[in-house]
Amino acid sequence: MSENGVTLALRSVSKKFDEFVAVDDLSLEVRAGRIFGLIGPNGAGKTTTIRMIVNILAPDTGRIELFGEQMSERLQDRIGYLPEERGLYKKMRVGEQLRYFGELKGLTAREAETRLDRWLERLKLSEWKTHKTDELSKGMQQKIQFIATVMHEPDLLILDEVFSGLDPVNAELMKDVLLELKAEHRTIIFSTHMMSQAEELCDDICLINRSRKVLEGSLREVKSSFGRRAVALRAEGGDAVLKDARLVAGVKSYGDYVEVVLAEEADAQELLRRLVESGARVTRFEQVEPSLHDIFLQKVGESA
Amino acid sequence: MKKLLVIIRREYLGRLRTKGFVISSVLGPLIMIGFTVVPGLLISMQTSSATKVAVVDLTGKMYEGVRESILTSRDEEGDRREGGRKNETAQPAVVQPGGEAQLQQAVQAVGAQYEVEQVATGGRPVEEIKHELNARVRKGELGVYLVLPEKILEEGRAEYYGRNVSDPITTSQLRHSLNRAVIEQRLREANIDQNRVRQLSKNIVLETTKVSEGGLERDSGGGFALAMFVGLFIYMAILMYGQVILSSVVEEKTTRVSEVLFSSVKPFHLMLGKLAGVALVAITQYALWAVAFGAFALYGVGMLASRGMDVPLPRLPLSFAIYALLFFVLGFLMYATIYLIVAAMVTTEKEAGQMAMPVIFLSVISIYLAFPVIRNPNSSFSFWVSIAPFFSPITMLVRIVTETPPFWQIALSLGIGMASVVFFVWLAARVYRVGMLMYGKSASLPEVLRWLKQS
């Protein structure tokens, strides 16, 4: 769909409010047809970054390119933005509200009407079309907001905390929809605090903290490049082996198993061999990758 | 541009369907009709039966004159204007048109009547007669009684007793009648023919004619009233719809819809769309009222005319009506931008508290400015105030109806007016975007000025 498969590129983008630097020299690329996780602690500059991408704010310096063009008002129609703080007119009927948002994204009234009907059907909200928005539950409003974000079939979707307020059933439904949209080769930027969700959905991630980029890359690369290797172990005996500082850097106990952090240069195979030799009964031996959660904590901790 | 229309349509249609709009559209004319019809009905109810007036004449020679004067009292104003052509018929219920005082006219229209009777003194002391008459007044047999002292001609004092002494119509009519009778008696005793005096003291009639580019036209003074009316209408519309604009902007802030909107449209378009949509609602409301009022006025004027009442309708050229409409719309938009800017600065409607202040301030100033402009419509002062934003809707209209300025000046005034509206909308949009999205809080004036400097 786009040049070099890059949907969105930020080039040395900075934004200051008075003396406060919200985003400092941020560069990143979001590739087409992938789910890109923008993660970071509160106040890291995520919302400001997103607002610059959707052209609500203009960067002080740097460039934002969407589909190979300088970001402009015209390109706004190809973006769908679901802000973290939801916004719907309380007294408007669901159908009218969606049609209005659709038309503001350049759809004709008729196009908007057919699409909103299809989406309401898909998200099981058809019978609510003529109700006023404030009669809906929070989760339903959340889904209405989501329809308003996707109904104009944007090439780039920006979803801030899309799962908040959804029960597990609806969260699962939403996840299916997102994967469908991804299969249609749409690009999704996914911003969240929930690392487990990011881990489950994202192809690529970018971690920002204190206005700066801390970490970037595909989820796989990030995890494997992350220097921490560990083994989940359940065994009877072999305590002496675990005390060998050449092999083991540390042991954390988790209920019925322990997490063994390998020493630098040590090999998991070597550990297993030594355990078996020592006569320990091994019932679980699994090499574990660091979770995104751990990476987040460590990286944010480091840069604090 | 297409999106702007979408916004205008939502603001307009959404508001037409609200209960408030429907209610005020129906209630407005009803209240208007109520204010004009009900007082008339009330007055006609009170005076539907003749008021009995008893006269205690201590001079022994005034009664006949006073009686005639009271029974013909309604002719008095007409007599004066028509130069003393005395109406000899003493028919009290005859309606005579042309009174200048509206009060008088209202009474005439409903046909107030008096019955006059003389109280025989029979040499009794005054206090005793009064006592007797007071009793009759209390019983309701008598409305009013007048005591004419012996020295009424010299001292010019008489006494009025009645249950209701604060009824302005009766007291003023009786005072007028008594006054006339006393003056006539004085003239008679000085051997002066009162008819001759009337002829000699006949008032003049000043016919005012306006000289303008279109030739000579008669101007009944309705022109100036038109300018003031437009000013009043602008002010009323702002009072009604300024708050609507304010809450419409603030609602989007509190519900956080604005962030979604700004990812689709420019704040400038949003603000302009709101202003235009609400202005259309206001115009629609006024148009509905105008139709209702027009129908009522036609009916009412016809009814009054059929009862012999002459209702002077201001005759104004069509161009005035068009200018009045244009400047009304311009004035509404200008003052509405004040609400737009304040709405951009605050986060809740409560904070907007003293909103109406600058609007009142500016509109009062423009009414004050109208007076020097009337006196000197072509001075350079008049020129400058009639093109200045916020003052032009009223001052330029005053100039148009008094001494129509060259067309380019009117066009300039409209042009500057519209440009300033666009500028203020832009300003509001800027304050809105910078203030809300960057800081998410209400702004003080210095902060706003600082934000305007940054991008």
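Visitor: What order do the strands have in the open sheet of chain B?
Guide: The order is 2-1-3-4, in an open sheet of four strands with mixed pairing. Strands (E, at least two residues) and helices (H or I, at least four) are DSSP runs, numbered from the N terminus. Two strands pair if DSSP finds at least two bridges between them.

Visitor: Before we go on, what kind of model is this?
Guide: This is a predicted model, where local features need pLDDT of at least 70 and side-chain atom pairs count only at pLDDT 80 or more, while totals for chains, interfaces and linings use all residues. Residues are numbered from 1 along each chain as its sequence is written, chains are lettered from A and ligands numbered from 1 in the order in which they are written, and side-chain values use heavy atoms, with hydrogens and water left out.

Visitor: Back to that sheet: which are the edge strands?
Guide: Strand 2 (114–118) and strand 4 (159–162) of chain B, each pairing on one side only. From one strand to the next, the twist averages 20°; angles here run from 0 to 180 degrees between N-to-C directions, with axes being lines fitted to C-alpha atoms, for helices over the stretch in contact.

Visitor: In what sense do strand 1 and strand 2 of chain B pair?
Guide: Parallel, over five bridges, with strand 1 covering residues 51–57. Lys52(B) stands opposite Glu115(B) in strand 2 of chain B.

Visitor: Which strands does helix 3 of chain B touch?
Guide: Helix 3 (residues 63–71) touches strand 1, strand 2 and strand 3 (144–148) of chain B, and its direction makes about 175° with that of strand 2. Touching means contact, that is heavy atoms within 4.5 Å. Helix 8 (residues 168–189) of chain B lies across strands 1, 2, 3 and 4 of chain B, at about 30° to strand 3.

Visitor: New topic. How many residues does each chain put into the contact?
Guide: Chain A gives 30 residues and chain B gives 28 residues. About 2,800 Å² is buried between chain A and chain B, 51% of it from carbon and sulfur atoms. Buried area is the accessible area (1.4 Å probe) that two parts lose on being put together, summed over both.

Visitor: Which residues of chain A lose the most area?
Guide: Ile56(A), Tyr89(A) and Leu104(A), together 23% of what that side buries.

Visitor: What about salt bridges, how many between chain A and chain B?
Guide: Six, where a salt bridge is a side-chain nitrogen of Lys or Arg within 4 Å of a carboxyl oxygen of Asp or Glu. Glu73(A) forms a salt bridge with Lys266(B), with the closest N and O atoms 3.6 Å apart. Over all chains, a search of the whole structure finds 47.
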